[in-house]
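Here is a protein model to read feature by feature.

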Amino acid sequence: MKKVWIDGGHGGKDPGAGANGLQEKNIVLTLSLEIKKQLERDYEGVQVLLSRSTDVFLELSERTEAANKAGADILVSIHCNAGGGDGGFESFRYTSASTASRSLQNVLHTEIMAALKPYNIIDRGQKAANLHMCRESKMPAVLTENLFIDVTTDAAKLKRQDVIDALITGHVNGIAKYLGLKKKEGAAVVSDSVNVVVDGKQIKDGKLEDGVTYVPLRAVSEALGAKVGWDNKTKTATITTK
Ligand SMILES: [Zn+2]
């Protein structure tokens, strides 16, 4: 059984960054809870432990002591950024991080950026810093900074469910890949709603089944400038582009 420690930053009297009607402590709690739910639902042999599952305040030392005591295999600390500029996503390892921490950062960062691909989010890179959560954790540890709360373009994205879902998917995929977790039998047939965007225009949702994405034919075809004909007798859809 692999143990994953998810540390949702801030909480209680410490709201973290706040701007544009958003509070960091709430976003990171949502991400933490959903990452735990999806990892344990979709993968075998994994237990996800949380620094906090409610809006409570914890000292940094309490978080790392609990994770070390639990003997977690990896730790991911989840935050949102602030400080202006152009916004984007970045991740941190400790300044003298182990090879394992570097590897965790690389896999996690890559999977998160891949999940964020449809949303034009700036990749600020894989960074190193002397952060308590990465320094005091005995296991490979990475801290993710999930967009800038005080940058209006990033804040608008953080208010979208599909962007939140992409951040969750990226963390789940990265953790599963690093730990080599096996998908549960049947997990792949779960039908998930898929966000469909044609030339920047949002189309009705599609769905994912067994790795194939099904999209609403008429909506997508018309967005591409094609005409759709339908013969109800033979159940034939005809797409004409000329
Ligand atoms: Zn933070």
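**Reading the model**

Q: Which residues is Gly84 in contact with, leaving aside its neighbours within four places in sequence?
A: Gly84 is in contact with Phe148, Asp150 and Val151. Contact means heavy atoms within 4.5 Å. The C-alpha atoms of Gly84 and Val151 are separated by 5.5 Å, though the two residues are 67 residues apart along the chain. Gly84 sits in the loop between β5 and β6 (89–94).

Q: What kind of model is this, and how are its residues numbered?
A: This is a predicted model: local features need pLDDT of at least 70, side-chain atom pairs count only at pLDDT 80 or more, and totals for chains, interfaces and linings use all residues. Residues are numbered from 1 along each chain as its sequence is written, and side-chain values use heavy atoms, with hydrogens and water left out.

Q: Is Gly84 buried, exposed or partly exposed?
A: Buried means under 20% relative accessible area, exposed over 50%, and partly exposed in between (1.4 Å probe, protein chains only). Gly84 has a relative accessible area of 22%, so it is partly exposed. Across the protein chain of 242 residues, buried residues make up 43%.

Q: How many helices and strands does the protein chain have?
A: Helices (H or I, at least four residues) and strands (E, at least two) are DSSP runs, numbered from the N terminus. The protein chain has seven helices and 13 strands. Its C-alpha atoms fill a box of roughly 70 × 40 × 30 Å, taken along the principal axes.

Q: Which residues coordinate the zinc ion?
A: Donors are N, O and S atoms within 2.8 Å of the metal (3.2 Å for Na, K and Ca); water is not among the atoms, so sites may look incomplete. Here the zinc ion is coordinated by His10 (NE2), Glu24 (OE) and His79 (ND1), at 2.0 to 2.1 Å. Along the chain, the donors follow the spacing H-x13-E-x54-H.

Q: Where do Glu24 and His79 lie?
A: Glu24 is in helix α1 (residues 24–42) and His79 in strand β5 (residues 74–81). The pair links distant parts of the chain, 55 residues apart. Glu24 counts as buried because its relative accessibility is 3%. His79 is buried too, at 12%.

Q: How are two packed helices described?
A: By the angle between their axes and the distance between the axes. Axes are lines fitted to C-alpha atoms, for helices over the stretch in contact, and angles run from 0 to 180 degrees between N-to-C directions. The axes of helix α3 (residues 99–115) and helix α6 (residues 161–179) come within 8 Å and cross at roughly 145°. The contact includes Leu104 and Leu108 of α3, and Leu167 and Ile175 of α6.

Q: Which residues does Val198 touch, not counting residues up to four places away in sequence?
A: Val198 touches Ile203, Val220, Ala223 and Leu224. Val198 lies in strand β9 (residues 192–198). Its relative accessible area is 10%, so Val198 is buried.
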